[in-house]
Every structure is written in structure tokens, then in C-alpha cells.
Amino acid sequence: MIKAIALDDEPLALKIVETFCADIDFMELEKTFSKPNEALKHINKFPVDLIFLDIQMPSINGIDFYKSLDKNVMVIFTTAFPEYAVDGFELNAVDYLMKPFSFERFTQSVNKAKEYFNFLNSSSAGAAQNHFFIRADYKLIKVMYEDIVYIEGLNDYVKIFLLNQKPIIARMTMKNMLDRLPQDSFIRVHRSYIVSKNKITSLKNKNLFINFNDEMIEISIGKSYEDCIDTILN
């Protein structure tokens with residue numbers, strides 16, 4: 001069960017969240033708040049898993065409110081102002097709901113929170129996982145390790161190339177990306193490239209080749225990564 005609260009200065013908006021949550025069997029909306037200071041007191045005393053948080057409020061911006069929290073809590077932003085979407089994305093929000101939103105859209109959002117919640121609280125935590133979550137395009141995306149062909153670094157972003165799917169572009173460093181991947185399956189071969197070992201089809205000189213959607217991709221092995229050749233061969 002996901003414990004949640006909602007914070008919004010509009011009573012009608014709170015009523016909608018309350019009504020929708022009542023029809024979600026894994027969601028327990030403990031309380032709703034129209035005043036940020038009261039919501040903060042509740043969170044400090046009774047930790048929650050998720051906040052439905054309005055952004056444009058008179059006393060404080062919802063984004064600033066979320067930044068001020070010491071607790072590790074998921075957030076779904078709710079607002080009528082689309083210009084805040086990028087800020088919500090930068091804060092690793094689970095989702096961003098544009099008002100007015102339907103029950104169907106709300107359900108999609110809380111299902112993302114449920115999947116992420118289950119991942120974080122899995123009884124098999126520490127055991128081998130077959131996927132990870134990444135935030136891109138203002139949503140939380142589940143990526144299967146087996147679907148990754150290679151990853152390209154683009155300054156502060158990474159572009160993940162997947163089998164039979166559109167690439168995912170996310171804000172993340174290559175180092176952070178590598179930390180999320182199982183070391184026995186992926187290897188960094190260049191400052192700008194991480195590849196799946198079992199997707200490599202051949203090696204020639206200091207270049208490796210990957211068959212990606214019936215196209216042969218050639219990736220140069222960086223000078224400082226030449227030790228990876230023995231790892232690949234082994």
C-alpha cells in the first residue's frame with residue numbers, strides 16, 4: 001500500500017485527487033492539505049511515500065516546497081501551467097499531471113508510482129535485477145537490460161539505443177549511467193559509448209561492430225579504454 005498526501009490551494013483539486021485515490025486499491029490517501037506548513041508538519045511526523053503536489057500556490061511554489069523536504073518521497077506534480085514541466089522533470093518527479101486530468105490519466109500516473117515503489121521496496125533488493133528505471137520525456141520509464149544495444153553520451157545527456165524501440169534520451173552522465181548497469185553485461189569502450197557485450201558481433205583493429213536493426217554500427221574503442229578489448233574477448 002502506498003501512503004500518500006495531497007497539497008493544493010484549491011479545494012476542488014483536492015477533492016478530485018481524493019475521489020480518484022478512493023478507486024485505486026493500492027493507494028491510501030492519508031490526508032489532504034491546502035497549507036504547505038501543515039503538510040510539512042505531517043510529513044515530518046508521519047512519513048509518506050508519495051505527494052500529489054500543486055506547483056502554483058500563493059504562499060510557496062510547489063517545486064520549492066519539494067526541494068525543501070529532507071525525506072526521500074516520490075512526487076506527482078499537478079498544475080495547470082505547462083511551463084513548469086521541465087522543472088518537475090529536473091527534480092525526478094514520477095509524473096506531471098496537467099489540470100484538468102481524467103481518471104484514466106491519473107491511473108497511468110499512480111501506476112508508474114506503484115511500479116517504482118515496488119522496485120525500491122522489492123523483497124529481492126540486492127539481488128540481480130533485469131531492469132532499471134529512468135526519467136525521460138517527463139515520465140518514468142522502465143528499461144530492460146536485455147533491450148539495450150548501446151548508449152551514446154551527449155554532454156550531460158545519454159541516448160539509449162534499444163531493440164525495436166525508439167531511443168531514450170535522458171539527462172544523466174555516462175558515469176551515472178554505467179553505475180546503473182550490470183558490469184558483467186555492459187562495458188564502456190569510449191568516452192562517449194557504452195555497449196552491451198552480447199550485442200557485439202565482431203572486432204577489427206580498434207573498432208567494434210554491432211548489428212542494430214539490420215544495420216552494422218561501427219564504434220571506435222577509445223585509446224584510454226583499449227584494455228576493454230581483452231575483457232570483450234574473454
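How many disulfides does the count come to? The count comes to 0. Keep in mind throughout that this is a predicted model.

**Stop 1: the cysteines**

Select cysteine 21. Its relative accessibility is 3%, so cysteine 21 counts as buried. Now go to cysteine 228. Cysteine 228 is buried too, at a relative accessible area of 6%. A disulfide would be a covalent bond between the sulfur atoms of two cysteines. None is counted here.

**Stop 2: colour by confidence**

Colour the chain by pLDDT. The mean is 86, and 91% of the residues reach 70 or more. Select helix H1, residues 11-22: confidence is highest here, at a mean of 96. Then select helix H4, residues 85-90, where confidence is lowest, at a mean of 49. Where pLDDT is low, the predicted coordinates should not be read in detail.

**Stop 3: the largest nonpolar core**

Next, select Met27, Leu50, Phe52, Ile76, Phe106 and Val110. These are the residues with the most contacts inside the largest nonpolar core, which has 24 residues. Show the secondary structure around them. At least two core residues come from each of strand E1 (2-7), H1, strand E3 (50-54), strand E4 (74-79) and helix H5 (103-120). H5 gives the most, with 5 residues. In soluble globular proteins, nonpolar side chains tend to be buried together.

**Stop 4: phenylalanine 106**

Is phenylalanine 106 buried or exposed? Phenylalanine 106 is buried, because its relative accessible area is 0% and the cut-off is under 20%. Display its contacts, leaving aside neighbours within four places in sequence. They are Val17, Phe20, Cys21, Ile24, Phe52, Leu97 and Phe101. Cysteine 21, from the first stop, is in that list.

**Stop 5: the aromatic rings**

Show the rings. The structure holds 13 aromatic pairs. Pick phenylalanine 20 and phenylalanine 103. Their centres are 5.3 Å apart, with 70° between the planes, and the pair is edge-to-face. Phenylalanine 20 lies in helix H1 and phenylalanine 103 in helix H5, so this pair ties together parts 83 residues apart in sequence. Compare the two for accessibility. Phenylalanine 20 is buried, with a relative accessible area of 16%. Phenylalanine 103 is partly exposed, at 35%.

Move to phenylalanine 52 and phenylalanine 106. What is the arrangement of this pair? The ring centres lie 5.3 Å apart and the planes are at 25°, so the pair is stacked. Phenylalanine 52 is in strand E3 and phenylalanine 106 in helix H5; this links parts of the chain 54 residues apart. Phenylalanine 52 counts as buried, at 2% relative accessibility. Now widen the selection to Phe20, Phe52, Phe101, Phe103 and Phe106: they form one aromatic cluster.

**Stop 6: asparagine 207**

Asparagine 207 counts as buried, at 18% relative accessibility. Which side chain does the side chain of asparagine 207 meet in a polar contact? The partner is the side chain of glutamate 218, at 3.4 Å. To finish, select what asparagine 207 touches, not counting residues up to four places away in sequence: Ser202, Glu218, Ile219 and Ser220.

Technical notes. Residues are numbered from 1 along each chain as its sequence is written. This is a predicted model: local features need pLDDT of at least 70, side-chain atom pairs count only at pLDDT 80 or more; totals for chains, interfaces and linings use all residues. Side-chain values use heavy atoms; hydrogens and water are left out. pLDDT is the predictor's confidence in each residue, from 0 to 100. Helices (H or I, at least four residues) and strands (E, at least two) are DSSP runs, numbered from the N terminus. A disulfide is a pair of cysteine sulfur atoms within 2.5 Å. Buried means under 20% relative accessible area, exposed over 50%, partly exposed in between (1.4 Å probe, protein chains only). A polar contact is a pair of N or O atoms within 3.5 Å; within protein, one must be able to donate a hydrogen and the other to accept it, and residues adjacent in sequence count only if both atoms are side-chain atoms. Contact means heavy atoms within 4.5 Å. A nonpolar core is a set of buried Ala, Val, Leu, Ile, Met, Phe, Trp, Tyr and Cys residues joined through side-chain atoms within 4.5 Å. Rings of Phe, Tyr and Trp (its six-membered ring) pair if their centres lie within 6.5 Å; planes under 30 degrees apart count as stacked, over 60 as edge-to-face and the rest as tilted.
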